[in-house]
Amino acid sequence: MDSDQENSSSGPSGSLLESLGAELVSILAPVSACMLFVVLLVRALVVNSSQLQAPAIALVIYAEDPSDSTSEKLGGALLNALVFVAFVTAATFLLVGLFYLRCTKCLRLYVSFSIFNVLVYLGAALGVLFVQTYSLPVDVITFSVVIFNFGVVGVLVAFPVMPVPIIFTQGYLVLIGMLTAFWFTFLPEWTTWFLLVAMALYDIAAVLLPGGPLNMLLELASKREEELPALVYESRPVVRPGQQGSQSRRWRRRVVVAASPSTSAETAPSRTSLFARIFGYRVVSPYQTVSMEAPQQAEILQAPEEEAVETSPGEAGDGAGAPGNRDRDPAEEAIPLMSRHVDHRMETLSAFMANEERAAGAIHDELRELNNDGSEGGELGRIESVTEGGIKLGLGDFIFYSVLVGRAAMFDLMTVWACYLAIVAGLGATLALLAVWRRALPALPISISLGVVFYFLTRLVLEPYVLQLDTRLVFF
Amino acid sequence: MTVASGVGYTLIALGPGFSLFFLSIVSKPLLILTLLASTLVWLASLVALAIVWRGFLPLGSSDWICLPLLASSVALQEFLRVHFWRTFKKVESSLNGVAVRISKPPLRPSEKIEIAIALGFGHGLAHSIMFCLSLLTPAFGPGTFYLRSCPQMPFFLVISLISLGFLLIHTFSMVIFFKGYEDHNSGLRFFVPAMHAVASSLTLVNLVQNGCVIGTPLVMLCAALTLFVCGKSLWQKGD
């Protein structure tokens, strides 16, 4: 049949449909998975929601009571949201302070502690809920051993202290997001909506305003060329199995012409030559400096850009001696690369390249912190586009998207689908803006605003419309 | 009645859709994005319609309002379909430009058909979720539900079947429509809105007592006809 022939002939050279948009889909997949889990959990476990405890920190001011009047509820919800945002701001400033004072160990300890807390405390609470709802026969000792193991592995993996397969890190990050989001959906309804909107506004302020904590954190990190201790989901570049040799995908580098070749060329060779000695490749560093007149701005939706010049190992050693040629015309080289079995090297490559990027002052990172009950923490964040790695999305975005969709799930599947589409559309729009503006962008505002709008539209307008037609069995 | 029947109804409505998705669409990221975009557009059009008609709801006993409701909905969707085609042409040229840049072949005819399938499937998927799946949630619990006007089949079965029919109609209408424009075959181009209108009108038969026994098979017949026309138009390409 037609398509079979096409598939066989499209083998080595690939097809447009398969290569475009891979990055976007690779970040959409975990976001969708997180949302899906939360929706399933909410539908499966919310039998009697009055017994469930929402995170107390969000209810410090006002705990909603069904018998209160509407204005009281709205006012209380608004206060709750504002207090929550205040907590988050304070925590983020604290984080900025710690980072400034270079208490890296302190930060890493804190992040690990918060991961452990989320996984063990929230995970155990969820487990207990499962056991209660479905009357599963589980004893305390097994349960606690399992949960403890779960937590410890999570700490080791989600914020990797040792090299682990990327799938574990990604999986655990999604799980952490899911657990936090699940418990956050049990906030009272109005509080949830106000909280989401408030966090979206805070996100804009924190990232885009010069005095915002995340902005400051970003600048500190890029100035110091350090990696932020944060929970950030990173999707890896897509390497397709079975593509070998020079016929395989060509990776284009997004190259910015060196504005100051002297300074950057000095730093570049040492890293690249070290790298080259390890891997036998000689890598052209991605850019020397970021300059806005970048010649080849690949679209964000293109295949991830990474370029390695394959040379004989002998040449690798004298990488330090010849920075000039390498740096000056990498632009047009599209070098074949990467087969599946070098996946592990790919990861290290990407991590290394990520550090390289930071050296060039190219990456902006944002960080936001979430304190639940004062003891757990998730790292919220935003979107960053890495030219050679995958797209990075902070865990906080996962959490708030999932909270929105989980809250929609408490009403109906229609609202879930509408909010999911709205969030995905917002994410796509944000990524497109990222490609245009090339600076760190908050991932929450567009998605959350679209999501909220769609939720209320669907609930108030669409649902009666569809139901009226449906119950009369009239379709179109 | 129970999870088994809930899953069963879901599979009736979405089984072919799932197959289509997992065989053709899931391995191609661009198609997944196309799918999501087209679902979003369909949803937006539905919301627009709902805003317009909100004042007339709930319908109560005046069933005749369904007719203008249907007519306006079908008209809007067909109108949007033309815009889909125009957007596709514009996007196609930029996609081909990108293809040259990343050393991939430009869009082949089969790939254009795949894009059309993804677009149509987006419509069908949105339709299924809105009209069928969201109502199937009670089917996962104990008991079932019969409409007074349709005591022969459980309500869930009827909506699953009709929604299956419409999924197929939406998906393959888009292919026929695009083919009609590509080959400048106005017969195919007019077939699509006509079929959509006919299928929707046939569901009006369900308003009558015991109408669903006639209405549902007729909708399936429309779906089969659409599939046949689609296959025939593709076959003529000379493969």
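This is a predicted model: local features need pLDDT of at least 70, side-chain atom pairs count only at pLDDT 80 or more; totals for chains, interfaces and linings use all residues.
Hi everyone, let me start with a helix in chain A. Helix H9 of chain A covers residues 213-224, twelve residues, and runs 16 Å from its first C-alpha to its last, close to the 16 Å expected at 1.5 Å a residue. The expected span here is 1.5 Å times one less than the number of residues.

Residues are numbered from 1 along each chain as its sequence is written, chains are lettered from A and ligands numbered from 1 in the order in which they are written, and side-chain values use heavy atoms, with hydrogens and water left out.

Back to H9(A). Its buried residues include A:Leu214, A:Leu217, A:Leu218 and A:Leu220, and also A:Asn215 and A:Arg224. Buried means under 20% relative accessible area, exposed means over 50%, and partly exposed is in between, with a 1.4 Å probe and protein chains only.

Zooming out, chain A comes to 16 helices and nine strands. Of its 476 residues, 56% are buried. Among contacts in chain A between residues at least 6 apart in sequence, 80% join residues at least 24 apart; contact means heavy atoms within 4.5 Å.

Now, the cysteines. How many disulfides does the structure hold over all chains? There is one, and it joins B:Cys150 to B:Cys212, with 1.8 Å from S to S. The cut-off for a disulfide is a pair of cysteine sulfur atoms within 2.5 Å. The torsion about the S-S bond of B:Cys150 and B:Cys212 is about 90°, so this disulfide is right-handed. It links distant parts of the chain, 62 residues apart: B:Cys150 sits in the loop between helix H4 (109-131) and helix H5 (155-182) of chain B, and B:Cys212 in helix H7 (residues 212-235) of chain B. Both B:Cys150 and B:Cys212 are buried.

By contrast, A:Cys106 is in no disulfide, and the nearest cysteine sulfur, that of A:Cys103, is 5.4 Å away. A:Cys106 counts as partly exposed because its relative accessibility is 37%.

Let's stay with H7(B) for a moment. Its end C-alpha atoms are 34 Å apart, which agrees with the 34 Å that its 24 residues should span at 1.5 Å a residue. Besides B:Cys212, the buried residues of H7(B) include B:Cys222 and B:Cys230. The cover over the buried residues of H7(B) includes H5 and helix H6 (186-204) of chain B.

Last, the interface. The contact takes 53 residues from chain A and 70 residues from chain B. The area buried between the two chains is about 5,500 Å², and carbon and sulfur atoms give 74% of it. Buried area is the accessible area, with a 1.4 Å probe, that two parts lose on being put together, summed over both. A:Leu17, A:Phe475 and A:Phe476 supply 17% of the area that chain A buries against chain B, more than any other three residues.

Thanks, everyone!

Technical notes. Helices (H or I, at least four residues) and strands (E, at least two) are DSSP runs, numbered from the N terminus.
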